[in-house]
Amino acid sequence: MVNGQVRFREVRLIGTDGEQLGIMSSQDALKIAEEAELDLVCISPMAKPPVCKIIDYGKYRYEMIRRDKEAKKKQKIVELKEVRLSPNIDTNDLATKTNAARKFLEKGNKVKVTLRFRGREMSHMNQSRYILDDFARSLADIAVIDKPSKVEGRTLVMFMSAKKN
């Protein structure tokens, strides 16, 4: 609430330098703010009595927006990368896929490992689970399993993320 929107009977007023100006009516507080050519801003409406501060509201809003932008810059967005395998994958191909997943994990992304089955491969789903186990074992030094392998339709799916240091 700013200026005319502040309609409390009594408010605790804080000056421009942070000094306490005491408890007074909101009309008196607004007059003091107008004399200083600044705004009366209610910063804590739930307090008894509500706390208002005399500040330049435009500058305050600008600083809040800047602070939010700075906080957003420092955030790390974690992406989900997918590595697809097939049940009849060769050891060299599995090593290549493992290296790709290792790069994703080192960058801080999560990895979704899918083992896709087609046609007659569906009848041997349980025998192929060892492929995902080998994949997880080869990345155990830098990754942990978030969700263990589980069947979703025609695929076995497992989620991995980088270990926390």
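Visitor: In helix H1, residues 26-35, which residues are buried?

Guide: Ser26, Ala29 and Ala33 are the buried ones in H1. Buried means under 20% relative accessible area, exposed means over 50%, and partly exposed is in between, with a 1.4 Å probe and protein chains only. Helices (H or I, at least four residues) and strands (E, at least two) are DSSP runs, numbered from the N terminus.

Visitor: Why are they on the same side of H1?

Guide: The general idea is that an α-helix has 3.6 residues a turn, so residues three or four places apart point the same way. Here the buried residues, Ser26, Ala29 and Ala33, cover an arc of only 60 degrees around the axis, which puts them on the same side of H1. That arc is taken from the directions running from the helix axis to the C-beta atoms. Gln27, Lys31, Glu34 and Glu35, on the other side of H1, are exposed.

Visitor: And where does this model come from?

Guide: This is a predicted model, in which local features need pLDDT of at least 70 and side-chain atom pairs count only at pLDDT 80 or more, while totals for chains, interfaces and linings use all residues. Residues are numbered from 1 along each chain as its sequence is written, and side-chain values use heavy atoms, with hydrogens and water left out.

Visitor: What do the buried residues of H1 pack against?

Guide: They pack against strands S1 (10-14), S2 (20-25), S3 (39-44) and S4 (51-55). A contact means heavy atoms within 4.5 Å.

Visitor: In what order do the four strands form their sheet?

Guide: The order is S2-S1-S4-S3, in an open sheet with mixed pairing. S2 and S3 stand at the edges with a single partner strand each, so one side of each has no neighbour in the sheet. From one strand to the next the twist averages 35 degrees. H1 packs on this sheet, and its direction makes about 130 degrees with that of S2. For such angles, axes are lines fitted to C-alpha atoms (for helices, over the stretch in contact), and values run from 0 to 180 degrees between N-to-C directions.

Visitor: In which sense do S1 and S2 pair?

Guide: Two strands pair if DSSP finds at least two bridges between them. S1 and S2 pair in the antiparallel sense over five bridges, and Ile14 stands opposite Gln20 in S2. Their hairpin has five residues between the strands, and Gly18 takes a positive phi near 95 degrees there. S3 and S4 also pair in the antiparallel sense over five bridges, with Asp39 opposite Ile55 in S4.

Visitor: What is the phi of Glu37?

Guide: As background, most residues other than glycine have a negative phi, and most peptide bonds are trans. Glu37 has a phi near 55 degrees, a positive value in a residue other than glycine. Glu37 is in the loop between H1 and S3 and is exposed, with a relative accessible area of 73%. The peptide bond from Lys48 to Pro49 is cis, with omega near -15 degrees, and Pro49 lies in the loop between S3 and S4.

Visitor: Which residues of helix H4 are buried?

Guide: In H4 (residues 129-138), Ile131, Leu132, Phe135 and Ala136 are buried. They cover an arc of only 135 degrees around the axis, which puts them on the same side of H4. Their cover includes strand S5 (80-85), helix H3 (91-106), strand S6 (110-116), strand S7 (143-152) and strand S8 (155-162).

Visitor: How does the chain cross from S5 to S6?

Guide: S5 and S6 pair in the parallel sense over six bridges, and Leu85 has Leu115 in S6 as its bridge partner. The chain crosses from S5 through H3 to S6 in a right-handed β-α-β crossover. Right-handed means that, with the strands pointing away from the viewer, the path from the first strand over the helix to the second runs clockwise.

Visitor: Which residues touch the most other members of the largest nonpolar core?

Guide: A nonpolar core is a set of buried Ala, Val, Leu, Ile, Met, Phe, Trp, Tyr and Cys residues joined through side-chain atoms within 4.5 Å. The largest one has 19 residues, and Leu85, Val113, Phe135 and Met160 touch the most other members. S5, H3, S6, H4 and S8 each supply at least two residues of this core, and H4 gives the most, with four. Apart from this core lies another, of ten residues, among them Leu13, Ala29, Ala33 and Leu40.
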